[in-house]
Structure formats: C-alpha cells, structure tokens
Amino acid sequence: MENASAQNHRKIIHIDMDAFYASVEQRDNPEYRGKPLVVGGPPEGRGGVVATASYEARKFGIRSAMSSKQALQLCPHALFVRPRFAAYKEVSQQIREIFSRYTDLIEPLSLDEAYLDVTSDKLNIGSAIEIAQQIKQAIKDELQLTASAGVSINKFVAKIASDINKPDGLKFIGPSAIESFMEKLPVEKFFGVGKVTAQKMKNMGLHTGDDLKKLTEAELSKHFGKVGRFYFNIVRGIDNREVQPHRETKSLAAEDTFAYDLTTIEEMEAELDKIAVTVCNRLQHYQLKGRTITLKIKYHDFKQITRNQSFPAGLNDLETICLTAKKLLAATEPEDKRIRLLGISLSNFGEVPVKQKEEKPTDQLRLFPFK
Ligand SMILES: [Mg+2]
C-alpha cells in the first residue's frame, strides 16, 4: 500500500481515542448511550469546565474547555457527570498494552493519545496502515471503544491526519502527498499556533501553509521567534522529532500569551495569579511538589528570560507559588517593558510516586479545574 519511496522513511502512527472520557462513561453506563453527555464540572456554581463532550453533545456546539454553564445553555437536557480519572487511567493502560504488541516505541501524549514508531514492528507486518487497522480493531473488540489513527512519516503530519476522519477514522498521508497537504493546511492547525499567533499570521496575509512557504527562514524567525524555523521545515513536510518512549515529567508549567502586550505591574501580577492557579491545580492533581519555581517572560520582541528560585523542600501551595513568581517578576524591573507571555513552572520533583511516573498532563486535564 505504501509508496515505494517510503522505504527509507519512518512509519509513524498517531492514535487518538474518540471523545475518550465520554466514551468510557457511555460504555460503562448504558443509560448514557445515545445521549448528550458532558464529563466535567457541574454547571451550577463557578468554574465548572467541560473536560470531554460526547458526540451527541457536540452536535449542540458543546466543546472541551467550554464552561459547563455555557454547555448547559447550549443543551439544557445534557447530562453532566464528574470525571472518573482512575477508570480512564486503567483503560489507558489497556490501550498501551495493545500498542506494545506492535512496538515498544510508544510516546503517550496523554491518557488517550500516543505516537507509535512502527518503522520496524514486532510482528513484521511492515505496513503502518495495516498495523493502525489492527490496533483500531483490537481496541474495538477488547475495550468496546473507538480510536482514530493518522499514519505518516513524521509526528506532525500523523497527528493532523488522525483528526481528519474522526470518529473511528484512519487517514494515511504518504510522502508524495505531504507537501500538497501542508500547502492547503490552515495556519491554525500548525503546531504551536494559538489564537494570538494565528491572528498575527492572518493580519500578515498568511492563511495557509502555502502562504507560509513563501517566507524565507529568516523572515519566519524574525516574525515568530524560534518556532519560525519549525514552521519553515514543517511546511515542507520535514519534522525529525523522534518518538520518545520514556519521557517523564520533569517539570510542570503553565503559561499564557496575551492578546496585547502587558505594560503595567498590576496587569502582570493579575495574569500571574491566574497562571499560578493553573499550575497549582495541576501539581496537586499529580501529587507533585517541586523545589524550584521558574518564571518565564517573553517580551514583545520575542526576547525571552527565565528566573528561578529553589527551596529546601518541595512545595505546591498557591500562596508560595504566587508570591515567588511576583518576587521574581519584580526583580526583572518590569515597569514599562512590553510583555507578551508569562509562564510559571515547577521542577525538581525528587521522588515521583511510582504510579504517577508514566502519566503526563493532557490537554483535557490541563483545562479541568481539579477539586
Ligand atoms: Mg482524544
């Protein structure tokens, strides 16, 4: 099936479970099946957020990271349930066991998503498409869940491909198809392009990969900083990042790029408060305590600095994180500077509890306010 010229290429599969938390809930609770189901915080009260919505709920416009309150407005008869992380984690391990029949080069991105390098597979199947089909079938037969798969020669394209025919999809983008695929891709889909960067690109008349391709590497770097070089390569289908099987949590971070540059201490401190809450929730969820707090600042000209402070014992309390981040900020003399990004990270975890070792923050988890 694969193009003959693919022989020298890597074979990468990106597997992404479909509406994972909601699908597990519908599998385990027959009364939820066929209904608009929202897994997340309750819609009454403040701060409830949608972690995952079932496909029935998505028809009403409900999406991950939306407030539960808004979800209820969109679909007043939706069912709301709290997440059962222990159950999802168990299913996640079962999925990984299925992957491991084919390869040991598995890089989990979250509980429901992973890259697999099957350039050489344990069963000598040879075809990455065939392996992806078998994995999807095993997940269906053994776990009664569906997954979507993207198959290509690099991580970036495989990940985009898995999203194309969701749910229960399989999409192969071979070497000869990559460049034309990338040319048509809207800039929002590019790795690392958030709302702010996407808007900046559009303001510059850059809407698709083809538009990005017209810029030189130097121009891309000038406008987008370090990641400009990545855009230059990826738009040509080049992504040499390896599938990393043993990536462990070395630090936990939260950061935010702002719609406009911050210029006053009040604004900066208010943003740091928000970022500290996010990072603190995540630390507490993963039961991690870090000894080092690092503040990251990116200025309007993309110049970036970090400042850190270490403590004798691990910590994860909001007050210390907030105070330390503000103290580190004050020491940079931020008055009258133009700041486009602030971030806080904790590192130096020391002993990580054994059961947490494999787990990494997921996009879904990141958006969920842990209680
Ligand atoms: Mg998913």
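Phe-311 is buried, with a relative accessible area of 18%, which falls under the 20% limit for that class. This residue belongs to strand E11, which covers residues 304–315, and although 37 residues separate Phe-311 from Asn-348 in sequence, their C-alpha atoms are 9.8 Å apart in space. The model described here is a predicted one, and the values below are computed from its atoms.

**Aromatic contacts**

A pair of aromatic rings is described by the distance of the centres and the angle of the planes. There are eight aromatic pairs in the structure. In one of them, Phe-156 and Phe-190, the ring centres are 5.9 Å apart and the planes meet at 35°, so this pair is classed as tilted. Because Phe-156 sits in helix H6 (residues 155–162) while Phe-190 sits in the loop between helix H7 (175–184) and helix H8 (195–203), the contact ties together parts of the chain that are 34 residues apart in sequence. Phe-224 and Tyr-231 form another pair, this one edge-to-face, with 5.9 Å from centre to centre and 80° between the planes.

| Residue | Relative accessible area | Class |
|---|---|---|
| Phe-156 | 4% | buried |
| Phe-190 | 2% | buried |
| Phe-224 | 4% | buried |
| Tyr-231 | 1% | buried |

Elsewhere, Phe-20, Tyr-21, Phe-85 and Tyr-88 come together as one aromatic cluster. Two arginines also lie over ring faces: Arg-58 is placed over Tyr-55, at 4.6 Å from the ring centre, and Arg-236 over Phe-232, at 3.9 Å from the ring centre.

**The magnesium site**

Which residues coordinate the magnesium ion? The donors are Asp-16 through OD, Met-17 through O and Asp-112 through OD, at 2.2 to 2.4 Å, and their spacing along the sequence is D-M-x94-D. Met-17 and Asp-112 are both buried.

**Helices and their packing**

Helix H1, which runs over residues 20–28, is mostly covered, with seven of its nine residues buried. Among those buried in H1 are Phe-20 and Tyr-21, two members of the aromatic cluster already described, and the buried set also includes Glu-25 and Gln-26.

Helix H4 (residues 85–99) packs against helix H5 (residues 128–143) with the axes 10 Å apart and at an angle of about 140°. That angle makes H4 oblique to H5, and the crossing of the two helices is right-handed.

**Backbone features in loops**

The peptide bond leading from Lys-166 to Pro-167 is cis, with omega near -10°, and Pro-167 is located in the loop between H6 and strand E8 (170–172).

Conventions:
Residues are numbered from 1 along each chain as its sequence is written. This is a predicted model: local features need pLDDT of at least 70, side-chain atom pairs count only at pLDDT 80 or more; totals for chains, interfaces and linings use all residues. Side-chain values use heavy atoms; hydrogens and water are left out. Rings of Phe, Tyr and Trp (its six-membered ring) pair if their centres lie within 6.5 Å; planes under 30 degrees apart count as stacked, over 60 as edge-to-face and the rest as tilted. Helices (H or I, at least four residues) and strands (E, at least two) are DSSP runs, numbered from the N terminus. Buried means under 20% relative accessible area, exposed over 50%, partly exposed in between (1.4 Å probe, protein chains only). A charge sits over a ring if NZ of Lys or CZ of Arg is within 6 Å of the ring centre and within 35 degrees of the ring normal. Donors are N, O and S atoms within 2.8 Å of the metal (3.2 Å for Na, K and Ca); water is not among the atoms, so sites may look incomplete. Axes are lines fitted to C-alpha atoms, for helices over the stretch in contact, and angles run from 0 to 180 degrees between N-to-C directions. Angles under 35 degrees count as roughly parallel, over 145 as roughly antiparallel, 65 to 115 as roughly perpendicular and the rest as oblique. A crossing is left-handed if the near helix is turned anticlockwise from the far one by less than a right angle, and right-handed if clockwise.
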